[in-house]
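Hi,

Here is the structure I promised to pass on. Have a look at it first, and then read my notes below.

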Amino acid sequence: MGLVRKQAPEPELPQVLDTDELVRRLDDPDPELRREAALELAGKPEAVPELLARVGLETEPRVRDAVLTTLAGHDSEAVAAGLAVHLASDEAGLRTAVAEALASMPVSTPALLPSLLAAPDHDVRVMTAMVLADLPHPEAKSWLVQMIAEDPHPNVVTAAIDALLPAASAEHIGVLEAAVLRFPDDPFLAFTVRAALPRLTGTA
């Protein structure tokens, strides 16, 4: 009697979950399931409110990063506004993660800049400089120059200088030197500018 070849088992197909189930999984105790659910909600605008609600609640950085990645993919004014409120968070990790997400949203983030540049909390303005450092927008350098020339807080001006310097050129020497004169008692700001001047003037 010949041997009978056993039929190979059918490969198990990945489970396809609907949006409601994925949203429910955002509250799952297993962080990996939460992370996977957040990523699988990409391209589902009906899940944006639940994802925005998770940003301030999620304590696992890799899950929060997944939530922010999915939200940034929408790049809408509603998402940008919902994220910007966290720039004032007491949690440094959350502030930084949100700033990085906003910097990856060149369509919607610029509409927020007038209010962010005028925020009464100078820490929010510092985070705005961080957003502008990486925002791929043609006006990003102009907004940073405006911060350096006009913002009344030295920490904000120093943050804007740090953000501008990688892309700065000789045309920015004047505004940088003026910032040093505006804050003569801030040695760190002065050091940052003086360390950059040789490169900008071509004397390095």
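Which helices do the buried residues of H10 pack against? They pack against helix H8 (122–134), helix H9 (140–150), helix H11 (173–182) and helix H12 (187–201). Helices here are DSSP runs of H or I with at least four residues, numbered from the N terminus.

Before you go on: this is a predicted model, where local features need pLDDT of at least 70, side-chain atom pairs count only at pLDDT 80 or more, and totals for chains, interfaces and linings use all residues. Residues are numbered from 1 along each chain as its sequence is written, and side-chain values use heavy atoms, leaving out hydrogens and water.

Back to H10 (residues 154–164): 8 of its 11 residues are buried, so the rest of the structure largely encloses this helix. (Buried means under 20% relative accessible area, exposed over 50%, and partly exposed in between, with a 1.4 Å probe and protein chains only.) One of the buried ones is Thr 158, at 7% relative accessibility. Leaving aside neighbours within four places in sequence, Thr 158 is in contact (heavy atoms within 4.5 Å) with Phe 188 and Leu 189.

Now for the charges. The whole structure has 10 salt bridges, meaning a side-chain nitrogen of Lys or Arg within 4 Å of a carboxyl oxygen of Asp or Glu. One of them joins Glu 58 and Arg 54 (3.0 Å, N to O). Glu 58 is buried at 3%, and Arg 54 counts as buried at 13%.

Definitions and conventions
Helix = DSSP H or I, 4+ residues; strand = E, 2+ residues; numbered from the N terminus.
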